[in-house]
Amino acid sequence: MIPFLDLKATYTELKDELDAAYERTLSSGWYILGEEVEAFEADWARYCGAKYCIGVGNGLDALHLIVRAMDISAGEEVIVPSNTYIATWLAISYAGATAIPVEPDPRTYNLDPDRIEAAITSRTRAIMPVHLYGQPADMDAINDIAQRHQLKVIEDAAQAHGARYKGRSVGSLGDAAGWSFYPGKNLGAIGDGGAITTNDAGLAEKVRMLRNYGSRVKYYNEVKGYNSRLDPLQAAFLGVKLRHLEEWNARRQIIVQQYFAGLSRLPNLVVPYVPEWAKPVWHLFVVRHPQRDALQQHLQAAEIGTLIHYPVPPHLSQAYQETSWPEGSFPLAEQLAQSVLSLPMGPHLSPGACEVVIDEVARFATTPQPTVA
């Protein structure tokens, strides 16, 4: 069996360091916020090239608290990609605002700057690009549009730990960025976790209050806040893993080079496109095939794990059934949902296992498939 992602191997490799972090945190007797969280916040801000980092409970909370801290609320709109994980949209809905979908660049699958201005109205307050699959969105173009229309820019960086845009780290390219440390991320906790990075001191201070019941001083609540705090144990684990992030991202790049060499010329298979200004971190390696479901079944029969990111665009999900976007409203997002497939990827995927995946994909791609009526 070749798993989609081997999480156990991440612990095995770093066992001594992670165990030491566990013992240090538990023996401290301090289990909410505190020194472990502060130390990781400082390290992550420095890594991202941002002035401030605020650790929160998860990636969705990170995005939601940014929206709340920007005072975006009911009757206002935020532009989002039409193809993304639903958390991007939910963060806006939780604040009472409206997510306005914009179609992707058909090559990168990221928010297409050329389509944004047509979606801007008098109610638009922000643009929320997603660095999908670990590849940065075209931030200069997006920021230019935002500046012309006096809009905020919120990076959804949940899949892009360590990605670079024109040599600059994502997470410091907009007004604020939301991060997820879900275990399967390039920088993943052993549980849930999230963070916000920003260069805006006022926004950072407001988020710190919002994450902690709206309080700067215990029992003195200035605003109606939330309970969303990065756990010190997870912060300690993340501090360990951060020391290995660059090396593990480099391992992913080696796997990608092997995938490109073996898959680029197969019939009907579309491999990722990377603009010359982007340095992705390959959270996912996503291919497209017109018979995606059959390809996935073929790989499953060969005991190769795959996933679909994502099978249902948010506008067609039951969660957003109240919207006025019927099937066909965002055809590019719908085409992607029907054709994308994520192949095994991670810092512990061996060259031999990668070659097996390539061989099986090639076997499917070069064998005539029955026509689906």
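In this predicted model, seven strands form an open sheet with mixed pairing, in the order S1-S9-S8-S5-S4-S2-S3. Strands S1 (52-56) and S3 (98-102) stand at the edges. Each has a single partner strand, so one side of each lacks a neighbour in the sheet. From one strand to the next, the twist averages 25 degrees.

Strands of a sheet pair through backbone hydrogen bonds, either parallel or antiparallel. Strand S4 (residues 124-127) and strand S5 (residues 152-156) pair in the parallel sense. Their pairing runs over 2 bridges. Ala126 has Lys152 of S5 as its bridge partner.

Helix H3 (residues 35-48) lies across S1, strand S8 (176-180) and strand S9 (194-198). Its direction is at about 130 degrees to S1. Helix H8 (residues 201-211) also packs on the sheet and touches S1, S8 and S9. The direction of H8 makes about 15 degrees with that of S1.

The structure holds 3 cavities of 30 Å³ or more. The largest cavity has about 120 Å³ of space. It is lined by 14 residues, and Thr108, Tyr133, Gln135, Pro272 and Trp282 are the closest to its centre. By class, this lining of the largest cavity has 10 nonpolar, 3 polar and 1 charged residues.

The second largest cavity contains about 100 Å³. Its lining comprises 13 residues, with Asn83, Thr84, His309, Tyr310 and Ala333 nearest the centre. Helix H12 (residues 331-339) gives the most to this lining, with 3 residues. The lining of the second largest cavity divides into 10 nonpolar and 3 polar residues, with no charged ones.

About 590 Å³ lies in the largest pocket. Of its 30 lining residues, Tyr85, Ser180, Tyr182, Lys185 and Tyr310 are the closest to the centre. Helix H4 (59-69), helix H5 (87-94) and strand S8 each give two or more residues to this lining. The classes in the lining of the largest pocket are 16 nonpolar, 10 polar and 4 charged.

The second largest pocket holds about 380 Å³ of space. It is lined by 18 residues, and Leu33, Asn212, Ser215, Arg216 and Arg229 lie nearest its centre. Two or more residues come from each of H3, H8 and strand S10 (215-217). The lining of the second largest pocket has 7 nonpolar, 4 polar and 7 charged residues.

How values were computed
Residues numbered from 1 in each chain as written. Predicted model: local features only at pLDDT ≥ 70, side-chain atom pairs only at ≥ 80, totals over all residues. Heavy atoms only, no water. Pairing = 2+ DSSP bridges. Helix = DSSP H or I, 4+ residues; strand = E, 2+ residues; numbered from the N terminus. Axes fitted to C-alpha atoms, helices over the stretch in contact; angles between N-to-C directions. Contact = heavy atoms within 4.5 Å. 1 Å grid on protein atoms, 1.4 Å probe; cavity = no way out; pocket = protein on both sides within 12 Å on 5 of 7 lines; lining within 4 Å. Points joined across faces, edges and corners; volume = space filled by probe spheres on them. Nonpolar A, V, L, I, M, F, W, Y, C, P; charged D, E, K, R; others polar.
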